[in-house]
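Colleague: Please take me through this model one question at a time.

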Amino acid sequence: MEPQLAATDYHMQVATAVDERRLWQRHLKMAVFGARDDGGVNRQALSPADVSARIQLIEWATSRGYACATDPVGNLFVRREGRNPSLPAILTGSHLDSQPAGGKFDGVYGVLAGMEVLHALDTVGVATERAIEVVAWTNEEGSRFVPGMAGSSAFAGTLPLEKLLATRDREGILFEDALASVLAATPNVKRRALGFPVGAYLEAHIEQGPVLESTRCGIGVVAGIQGTRWFTVHVKGASAHAGTTPLAMRRDAFKATTSIVTALSSLLADGDDVLRFTVGRVVVEPNSPNTVPGSVQFTIDFRHPDFEILKKLGDRVESTCMEHAGKCDILVNETLNMSPIQFDKTITDIVSAAADELGLARMFLTSGAFHDAKSLSEMCPTGMIFVPCANGISHSPSENADPAGLAAGARVLALAVEQLAQRTTLSSPGRR
Ligand SMILES: [Zn+2]
C-alpha cells in the first residue's frame with residue numbers, strides 16, 4: 001500500500017474492488033456444473049460435476065497467476081503469495097460439493113468470496129506479509145461419502161487418511177478411486193502434504209437459517225458452532241390384541257414413548273429458545289391399527305452452544321427415559337457427542353470491526369450447522385462470516401441469496417483476511 005494512504009482509505013479501495021457482478025456471475029457459472037432441471041445443483045463430492053467445478057476454479061486461479069495445489073484427499077488450494085512465504089498462510093474458503101438436491105450458494109459462496117478477496121487485493125496492489133490461500137475442501141456435505149467435513153477433518157488430523165481413502169459411497173465406489181479420477185483430470189496441479197501449518201482460517205458461508213434476513217442484518221459474526229448430542233432410544237413393550245387386552249395388562253411401547261417425549265420436552269424446555277430438541281424419526285412396530293405397539297425406536301437430536309448445558313441435560317436423557325417408561329424396557333444409545341466450538345476472539349473482533357468500518361449492520365450468531373471451520377478450529381485461530389439467504393432455506397434447489405448481500409460479506413472477508421495476513425504473529429487456537 002502507499003504509505004500516505006490512511007488505513008481506512010485503502011480498506012475502502014479493497015472493499016470497492018470486490019466486484020458484485022463478477023461474484024454473482026461466478027455463482028451462476030459454477031451452478032452449471034451439476035445443474036438440476038428444477039434450478040438446483042447436484043454436485044456431489046468427487047463426481048464429474050465436482051471435477052468440472054474444480055477445473056473452472058483452477059482456470060480462474062491460473063489466469064491470474066495464482067499457484068494451485070492439492071493434498072492427498074483432494075483439498076484444493078489457490079495461493080496468492082505473501083512477502084514472507086515461510087509464514088503459515090491465512091486460509092479462506094469452503095466447499096464445492098453439494099447435497100443431491102442442493103442449491104447454488106452453500107459452500108460455493110465461501111470459495112468464490114475467497115477468490116474475490118485475492119482479486120480485490122491485486123486490484124488495489126496490496127502486498128501482505130503472509131500468503132493468502134483459497135481452499136475448496138473435499139466432501140463437506142457427507143451426502144456421497146460419510147462422514148461430512150471429510151477433507152477438512154483429514155487435513156486437521158481428526159480423521160485418519162487411510163480410513164477416509166477406504167470409505168465407499170452407496171454404489172460401492174471407493175473414495176480413493178473417485179479421488180484418483182479427479183486428480184487425473186487436473187494433472188497440472190502440484191501435490192502437497194496434508195495438514196501443513198495454517199496461520200488462521202476464516203470461512204464465509206450463507207447462514208442456512210432465517211435470523212439475518214428476518215432482522216435485516218447483513219453480516220453474521222459467527223461466535224461458534226453449537227454442540228450436538230444424538231441418541232437412539234428403543235422402547236420395548238409387548239404386542240397384543242387391541243380389542244381383547246385390558247389397558248392395565250398392556251405394555252404399550254407407543255404410550256410409553258409419548259410419556260417419555262413429553263418428559264424430555266419438559267427437561268429440554270428453554271424459554272430463551274436457544275436449545276434445539278428434535279425427535280425426527282419414530283419407528284413403531286408392528287405398526288398395525290388393531291395391535292398394541294410392542295416396540296418403538298426413536299431418535300433424539302439435542303443441540304446447544306453451551307458445553308455445560310449440553311453435558312448436564314444430555315446426561316439426564318437416559319434416566320428421564322427410564323423414569324417414564326412405565327412397564328416397558330428401555331435401551332438408550334448415544335450415537336454422537338460433539339462439543340460446541342468457540343471461535344477465536346481475535347478473529348471475531350476483526351470481523352466485527354471490518355463490518356463496522358464498512359457501515360454494515362452485523363450481529364453475533366452461533367452456527368446451528370456443522371462447517372469445515374469446525375475442523376480447522378482444532379489447529380489454528382478460526383472464524384466464520386455468515387450472509388443472509390432467502391427465507392433461511394438451504395440444502396434445497398430453492399436456495400437463494402442477494403447479489404449485494406453476497407458482495408457485502410466478501411468485502412468484510414477481504415478486510416478481515418488482509419488484516420490477518422499482515423500479522424506476523426497469531427495465537428494458537430484457544431482450546432476448550
Ligand atoms: Zn456448506
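Modeller: Ala, Val, Leu, Ile, Met, Phe, Trp, Tyr, Cys and Pro count as nonpolar, Asp, Glu, Lys and Arg as charged, and the others, Gly among them, as polar. The model is predicted: local features need pLDDT of at least 70, side-chain atom pairs count only at pLDDT 80 or more, and totals for chains, interfaces and linings use all residues. Residues are numbered from 1 along each chain as its sequence is written, and side-chain values use heavy atoms, without hydrogens and water.

Colleague: How many polar residues are in the lining of the largest pocket?

Modeller: A pocket is an open set of points on a 1 Å grid over the protein atoms alone, where a 1.4 Å probe fits, with protein on both sides within 12 Å along at least five of seven lines; lining residues have an atom within 4 Å of a point. The largest pocket is lined by 42 residues, and Arg-303 and His-371 are among those nearest its centre. By class, the lining has 15 nonpolar, nine charged and, as asked, 18 polar residues.

Colleague: Are the rings of Phe-77 and Phe-155 stacked, edge-to-face or tilted?

Modeller: Rings of Phe, Tyr and Trp (its six-membered ring) pair if their centres lie within 6.5 Å; planes under 30 degrees apart count as stacked, over 60 as edge-to-face and the rest as tilted. The whole structure has eight aromatic pairs. In the pair Phe-77 and Phe-155, the centres are 5.8 Å apart and the planes at 40°, so the pair is tilted.

Colleague: Which residue lies over the face of Phe-77?

Modeller: A charge sits over a ring if NZ of Lys or CZ of Arg is within 6 Å of the ring centre and within 35 degrees of the ring normal. At 4.9 Å from the ring centre of Phe-77, the residue is Arg-192.
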